[in-house]
Amino acid sequence: MGGRTDDPYELALRALSHRERTESELRGWLAERGVQEAEIEEVIALLADAGAIDDASFARRYAEDKRQLARWGPRRIAKSLEGRGVAPEHIEAAVACEDEGSQLERAIKLVEQRGMSCGSERERERALGLLVRRGYPLELAYEAVRAVEK
């Protein structure tokens with residue numbers, strides 16, 4: 001075990017006590033600390049059986065938090081979850097649980113909260129850029145900008 005004095009399972013529990021992690025993140029975190037692949041597999045299996053790591057549940061909570069707190073759109077949420085090693089089927093399920101009307105409403109609120117009236121071409125472009133960077137589909141972003149400029 002390369003001079004480690006900590007049990008791999010205890011290391012994993014310590015990591016999870018600081019913040020929730022995806023399976024992929026936990027695997028990487030343990031590997032960085034010198035835990036062997038066979039030990040990582042065993043620890044992951046134990047934690048999954050105990051319900052301590054669950055990427056599907058993580059993806060749903062993460063998506064909801066980013067929608068509500070950061071006002072992210074579905075594309076940005078999906079890209080972030082992908083970067084955290086979440087499986088495509090979990091990402092799709094997490095992103096699909098919100099309808100287009102709710103996305104549009106959230107996009108409009110974001111533009112309004114930023115004080116963008118969309119009265120000029122420059123403001124419309126800025127608002128559109130903001131929404132696209134936040135991960136809203138282009139057509140939905142256009143629709144939100146049109147709704148704000150009325």
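Which residues of H7 are buried? In this predicted model, the buried residues of H7 are Gln 103, Leu 104, Arg 106, Ala 107, Ile 108, Leu 110 and Val 111. Their cover includes helix H4 (55-70) and helix H5 (74-83). H8 and H9 also contribute to that cover. H7 has 14 residues, and at 1.5 Å a residue they should span 20 Å. The end C-alpha atoms of H7 are 20 Å apart, which agrees.

The largest nonpolar core has 17 residues. Within this core, Val 111 and Leu 131 touch the most other members. Helix H7 (100-113), helix H8 (121-133) and H9 each supply at least two of its residues. The contacts of Leu 131 were then listed, leaving aside residues up to four places away in sequence. A second core is separate and has 13 residues. Among them are Leu 16, Leu 26, Val 35 and Val 43.

In soluble globular proteins, nonpolar side chains tend to be buried together. Some nonpolar residues here lie on the surface instead. Val 132, Leu 138 and Tyr 142 form a nonpolar patch there. Together they have about 240 Å² of accessible area. Tyr 142 belongs to helix H9 (residues 138-149). Tyr 142 has a relative accessible area of 35%, so it counts as partly exposed, a class that lies between buried, under 20%, and exposed, over 50%.

Methods: Residues numbered from 1 in each chain as written. Predicted model: local features only at pLDDT ≥ 70, side-chain atom pairs only at ≥ 80, totals over all residues. Heavy atoms only, no water. Patch = residues over 30% accessible without salt bridge, like charges linked within 9 Å, V, L, I, M, F, W, Y side chains within 5 Å. Areas by Shrake-Rupley, 256 points an atom, 1.4 Å probe, with all protein chains shown as cover. Salt bridge = Lys/Arg side-chain N within 4 Å of Asp/Glu carboxyl O. Helix = DSSP H or I, 4+ residues; strand = E, 2+ residues; numbered from the N terminus. Buried < 20%, exposed > 50% of the residue type's maximum accessible area, 1.4 Å probe, protein only. Core = buried A, V, L, I, M, F, W, Y, C linked by side-chain atoms within 4.5 Å. Contact = heavy atoms within 4.5 Å. Expected span 1.5 Å × (residues − 1).
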